[in-house]
Amino acid sequence: MLTRRLKTLLKPLSDTHLRLIATESTHPHLDNPPNPPNRITPIDQSVLLRVCTILYQQQNSPDSRLHSSLSSSSPSINPELFLQVCNTFPYSWRPIYRFFLYTQKLPHFTHNSFTFNKMLDVIGKSRNIDVFWETCQEMGKLGLVNDKTFRIVLKTLALARELKKCVEFFHLMNGFGIGYKSETLDKVVEILCKDKLVDEAKFVTFKLKEWVKPNGVTYKRLIWGFCDVGDLIEASKIWNLMVDEGFELDVEVVETMMETLFKTNKYDEAMKVFQMMRVKRMDDLRLSSYRLVIKWMCKRGKIEQTNGMFEEMCQRGIQADNLTLASIIYALLARGRIGKAYRIAEGIEKPNISVYHGLIKGLLRLRKASEATQVFREMIKRGCEPIMHTYIMLLQGHLGKRGRKGYDPLVNFDTIFVGGLIKAGKRLEATKYVERTMKGGMEVPRFDYNKFLHYYSNEEGVVMFEEVSKKLREVGLFDLADILERYGQKMATRDRRRERVDLTMLDTITRHELPSLREGQ
């Protein structure tokens, strides 16, 4: 049983590309470069399986027995094998650490920053902070610490709420000759904010303020992190601190704050920030700034203000992109101005999927499902392939959003039970059961189009969609038949989706490059 489980785990590791991913690093190193990695050599999967089996079965055995078994199983151990063993035990620190101790006694084996970082990541995921900290110290002594080490260490300690150790790690590395650097702090803050560990990033930043002074990039990433988790109060504090220390607010920071204010339903405050930029730093406003404001104006139905903002943008020589025009088209359709929306759409030289989505969404809001399907056909005709969201919108427009999500855990059983009764031809019993259930207070479950398309995204689904489209055409539902048939042809399996993307890229290359080739001839 153990051998079969390990073989299952080891199957992906036989791929050469995955081995390269496990051993190569894309992060820039610090000033003190680590030892160069050993040359990658092919790994015998039978040897890997034997080593992993021994490590798993004898992880609690005495060192003498474990080392003897490992020596007899694999005469040659290299860093590539060590990395593959780490991949086999991604959350178990003991087999990896004991294998590490064994390799340290081998005269021909030399660890590098890749192997140390991989082991450090495994130990960190298993939350063994004591062993983790010892490994960090050993890496510092050997001079194998790089940017990736900082990211792994700070993220692990922050997740474990070892905030003092986060700060202490910087002091520890400084003692080993890796000085305090604002670039390193910025990268650490960025990775912590991406994982929504913003409070921890702020703690580290301010505790290290005496040794590493935060710069504009540090504050910018903290503001982005607090906005990402929706904490406007802390984001405002960092904003004010940034201004007090004399840093100029980046346009990206302003846009991030505005977007968070819009999302938290503080429209007036967001417009005050935008107005401040218009008065004091008009030249810094760019397309993304106007796009953001126009998008939220359109969502609130402020057509006249949107027109004024659009005219201001055009007067400044900023050309609107498809996303901006899509927001305007949807707002016009939502207000019933169909002719003007179509005129804007027809004036776009190269419409993309956002424009077509704006048209489809607006028409569906006006309950014009047939017209929205015609837009769907037109986008396919012009070489713009629909995505999953397109199909879900159209299906909801034709079939509606019926029912609500049930709060009873038995609602799934009822759906299956009633469906089984109907399939068996017992409609009267099914009707009586539904009536009794609804009188008991259970809500009708909402039909989930995502799950529907997901469950039938296979080769059987291809046949099913084809048959259903034929049946729908027989009863005159041509729009719905075209939607389902197209999904079956292009989206039902992974290979079909991949071919759809490849054909779209080929059509784009043909349209744009062949004319220039003919001109050259």
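Which helix holds Arg50? Arg50 is found in helix 3, residues 45-57. Helices here are DSSP runs of H or I with at least four residues, and strands are runs of E with at least two, numbered from the N terminus.

## Basis of the model

This is a predicted model: local features need pLDDT of at least 70, side-chain atom pairs count only at pLDDT 80 or more, and totals for chains, interfaces and linings use all residues. Residues are numbered from 1 along each chain as its sequence is written, and side-chain values use heavy atoms, with hydrogens and water left out.

Arg50 has a relative accessible area of 39%, so it is partly exposed. The scale runs from buried (under 20% relative accessible area) through partly exposed to exposed (over 50%), with a 1.4 Å probe and protein chains only. Leu70 is 20 residues from Arg50 along the chain. Their C-alpha atoms are separated by 8.7 Å.

## Lys125 in helix 7

Lys125 lies in helix 7, which covers residues 113-125. Its relative accessibility is 39%, and Lys125 therefore counts as partly exposed.

Leaving aside residues up to four places away in sequence, Lys125 touches Pro90 and Tyr91. Contact means heavy atoms within 4.5 Å. Pro90 is 35 residues from Lys125 along the chain, yet the two C-alpha atoms are separated by 7.8 Å.

## Positive phi in two loops

Arg161 is not a glycine, but its phi is positive, at about 60 degrees. It sits in the loop between helix 9 (147-159) and helix 10 (163-175). Arg161 counts as exposed because its relative accessibility is 52%.

Lys196 also has a positive phi, near 60 degrees, and is a residue other than glycine. Its place is the loop between helix 11 (182-194) and helix 12 (198-207).

## Helix 11 against helix 12

Helix 11 and helix 12 pack at an angle of about 160 degrees, with axes 8 Å apart. That makes the pair roughly antiparallel. Axes are lines fitted to C-alpha atoms, for helices over the stretch in contact, and angles run from 0 to 180 degrees between N-to-C directions. Under 35 degrees counts as roughly parallel, over 145 as roughly antiparallel, 65 to 115 as roughly perpendicular, and the rest as oblique.

Helix 11 contributes Leu185, Val189, Leu192 and Cys193 to the contact. Helix 12 contributes Val198, Glu200, Ala201, Val204 and Thr205. These residues divide into seven nonpolar, one polar and one charged. Nonpolar covers Ala, Val, Leu, Ile, Met, Phe, Trp, Tyr, Cys and Pro; charged covers Asp, Glu, Lys and Arg; the others, Gly among them, are polar.
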